[in-house]
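Keep the sequence and the model side by side. The walk below goes from sheet to helices.

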Amino acid sequence: MRFVGILTVSVPLEDRGERTLVKPLSYITASGETITIPEGTRTDYASVPKALHAVLPPTGRYTYPAVLHDYLYRTGRVTRAEADKLFLESMGVSRVSPQRRWIMWAGVRLGGWAPWRRYRRGSAPHA
């Protein structure tokens, strides 16, 4: 399990502060599958409510896992549960502390249904 490549992004898109990958990034899962996040994929890193940014900023050791998670949610390549499981797995690979890992995983399990649904209905940008 590991990330392959260096996260390279554009300047923020003004409307939502998102970034766009300018180079692909890959993740090799525990099962040996390679997931390639293509150039042009958009991310807001970790979608943490602004009120919590002092303790959980949008970037940290979990930045690469957050980009992977955004890609999986936007594309629907796997189920929501699988995307959240890969988020948890990849945070371990990225050496996120166990406590923070579980807090962030619980956050996406509790609140991730809304963006997941928006992407499936097509009412949110996908790239």
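Contact here means heavy atoms within 4.5 Å. Axes are lines fitted to C-alpha atoms, for helices over the stretch in contact, and angles run from 0 to 180 degrees between N-to-C directions. Helices (H or I, at least four residues) and strands (E, at least two) are DSSP runs, numbered from the N terminus.

This is a predicted model, in which local features need pLDDT of at least 70, side-chain atom pairs count only at pLDDT 80 or more, and totals for chains, interfaces and linings use all residues. Residues are numbered from 1 along each chain as its sequence is written, and side-chain values use heavy atoms, with hydrogens and water left out.

Start with the sheet. Strands of a sheet pair through backbone hydrogen bonds, either parallel or antiparallel. Two strands count as paired if DSSP finds at least two bridges between them. The sheet in this model is open, has three strands in the order β1-β3-β4, and pairs in the antiparallel sense. β1 and β4 stand at the edges with a single partner strand each, so one side of each has no neighbour in the sheet. From one strand to the next, the twist averages 20°.

Now take the pairings in turn. Strand β1 (residues 2–4) meets β3 over three bridges. R2 stands opposite I28, and V4 has S26 as its bridge partner. On the β4 side, β3 pairs with residues 34–37 over four bridges. There Y27 stands opposite I35. Five residues lie between the strands of the β3 and β4 hairpin, where G32 takes a positive phi near 90°.

Which way do the residues of β3 point? L25 and Y27 point one way, S26 and I28 the other. All four are buried, that is, under 20% relative accessible area, against over 50% for exposed and in between for partly exposed (1.4 Å probe, protein chains only).

Next, the helices. α1 covers residues 63–75. Its 13 residues reach 18 Å from first C-alpha to last, close to the 18 Å expected at 1.5 Å a residue; the expected span is 1.5 Å times one less than the number of residues. Helix α1 is mostly covered, with 11 of its 13 residues buried. Among them are V67, L68, Y71 and L72. Just after α1, G76 takes a positive phi of about 65°.

Helix α1 lies across β1, β3 and β4, and runs at about 85° to β4. Helix α2 (residues 80–93) also packs on the sheet, touching β1, β3 and β4. The direction of α2 makes about 95° with that of β3.
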